[in-house]
Amino acid sequence: MRNQTTTHILGLLLLLVAAGSAYPQNDSIFKRLAGSWKGEGKALGMPATMQMSWDWVLGEKFLRLSLKNEMKAPDGQVRLFEGHAYYQPSEAKCEGTWFDSRGVSFPIKCSVEGQSLTAIWGSPETEQGKSVYALQAGGKLEVVDSVMQKDGTWREFGRFVTSRVTNNQ
């Protein structure tokens with residue numbers, strides 16, 4: 001009886017330790033996003049390039065997205081847009097905050113479905129948008145950005161296909 005009780009206690013302790021060490025960065029989508037990405041697409045109707053870096057920071061409690069978007073305007077001028085997001089994924093929810101070169105910040109609520117991370121950002125008082133990061137076959141990452149219209153529909157304003165950047169690139 002004593003050996004059986006000891007076995008049950010040890011089993012429970014192992015389960016508690018395993019649950020406590022199940023960091024969100026071990027979740028497949030977050031683990032696969034980590035690293036640097038680069039690609040081309042369109043933003044605000046202009047041809048553009050996007051560079052992203054997803055890094056675990058601050059004691060691996062946050063996944064930081066650093067984004068740089070260079071758009072080529074019809075007059076040949078390059079317009080730069082930069083942003084940072086700090087995602088705090090957990091077993092129960094995924095939240096974060098976005099900051100960008102326009103001088104704005106937004107709360108983020110995110111969800112994972114299969115190989116996609118969907119970030120709903122903003123608020124009814126400011127603007128509301130959606131960014132979908134979808135891992136594709138062949139190691140690609142598609143990024144689609146949309147903004148919510150007054151009638152509640154989504155209008156796409158950016159779409160990119162990126163590839164992982166290796167140390168040799």
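1. **Ground rules.** This is a predicted model, in which local features need pLDDT of at least 70 and side-chain atom pairs count only at pLDDT 80 or more, while totals for chains, interfaces and linings use all residues. Residues are numbered from 1 along each chain as its sequence is written, and side-chain values use heavy atoms, with hydrogens and water left out.

2. **Overall layout.** The chain contains 2 helices and 10 strands, where helices (H or I, at least four residues) and strands (E, at least two) are DSSP runs numbered from the N terminus. Along the sequence the order is α-α-β-β-β-β-β-β-β-β-β-β.

3. Of the 169 residues, 32% are buried; buried means under 20% relative accessible area, exposed over 50%, and partly exposed in between, with a 1.4 Å probe and protein chains only. Among contacts (heavy atoms within 4.5 Å) with a separation of 6 or more, 32% are between residues 24 or more positions apart. The accessible surface is about 10,700 Å², and carbon and sulfur atoms contribute 54% of it; such areas come from the Shrake-Rupley method with a 1.4 Å probe, and for residues only the protein chains shown count as cover.

4. L58 is a residue other than glycine, and at 61% relative accessibility it counts as exposed. For context, most residues other than glycine have a negative phi. The hairpin of β3 and β4 has 5 residues between the strands, with G76 at a positive phi near 90°.

5. Is S131 buried or exposed? S131, in strand β8 (residues 128–135), counts as buried because its relative accessibility is 6%. Its side chain makes a polar contact with the side chain of W121 at 3.1 Å. A polar contact is a pair of N or O atoms within 3.5 Å; within protein, one must be able to donate a hydrogen and the other to accept it, and residues adjacent in sequence count only if both atoms are side-chain atoms. Leaving aside neighbours within four places in sequence, S131 is in contact with residues including L117, T118, V144 and D145.

6. **A nonpolar surface patch.** I120, M148 and W154 form a nonpolar patch on the surface, with about 220 Å² of accessible area together. Patches are made of residues with over 30% relative accessible area and no salt bridge, joining like charges within 9 Å and nonpolar side chains (Val, Leu, Ile, Met, Phe, Trp, Tyr) within 5 Å; a salt bridge is a side-chain nitrogen of Lys or Arg within 4 Å of a carboxyl oxygen of Asp or Glu. W154 belongs to strand β10 (residues 154–164) and, at 32% relative accessibility, is partly exposed.

Notes
Pairing = 2+ DSSP bridges.
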